[in-house]
Amino acid sequence: MSVLLGLLSMLAYSAASVASQPLVRKIGSAQVLFYRGISVVVLMAIACIPFYKDLNNLPMALFAFFLGIAGYIPVLAFMHGLRVSKVGVVAPIGATSALFTVVLAFIFLDTPLSAVQWFAIAMVVAANVIISVNPKDIRNSKIT
């Protein structure tokens, strides 16, 4: 079941990237992220209604709030990339984010990983990049 949900989330993320490009070019990356952020906050607030009684730690809530804001900086860079280039160029770069997540977990959380796990992570990241790359977009990009 978790593999199916992982595949569905990967497909949804890819579809959102493709659907975001026309919006980003039309109204700008900051505005798209603002509307996206508002919709996510509303949906998460509704989903968290049963747990509001447990939210009594203000410093941690503020930390989570600022962490969420900081998390939009990479997304803003991704959206800006969609505005100035093609999806086939920007998506492979975004596909490497899983590698950064694993490396940061390895460094900061002291998560031990075996050689087989590192190889599997490299294979997943490489597959994400290979699936999302479009050689025609790279040749026709404004970046190259």
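Tyrosine 35 has its place in helix H2. The model in which this residue is described is a predicted one. Is tyrosine 35 buried or exposed? With a relative accessibility of 53%, tyrosine 35 counts as exposed, because the term applies to residues with over 50% relative accessible area.

**The nonpolar patch**

Which helix gives the most to the patch? That helix is H2, with 5 residues. Helix H1, spanning 2-27, and helix H2, spanning 29-47, each supply at least two residues of the patch.

**The protein as a whole**

The secondary structure comprises 8 helices and 0 strands. Read from the N terminus, the elements follow the order α-α-α-α-α-α-α-α. The table collects overall values for the protein.

| Property of the protein | Value |
|---|---|
| Accessible surface | about 10700 Å² |
| Part of the accessible surface belonging to carbon and sulfur atoms | 77% |
| Buried residues among the 144 residues | 19% |
| Contacts between residues 24 or more positions apart, among contacts with a separation of 6 or more | 75% |

In summary, the protein has helices but 0 strands, and buried residues account for 19% of its 144 residues.

Key
Residues numbered from 1 in each chain as written. Predicted model: local features only at pLDDT ≥ 70, side-chain atom pairs only at ≥ 80, totals over all residues. Heavy atoms only, no water. Helix = DSSP H or I, 4+ residues; strand = E, 2+ residues; numbered from the N terminus. Buried < 20%, exposed > 50% of the residue type's maximum accessible area, 1.4 Å probe, protein only. Contact = heavy atoms within 4.5 Å. Areas by Shrake-Rupley, 256 points an atom, 1.4 Å probe, with all protein chains shown as cover.
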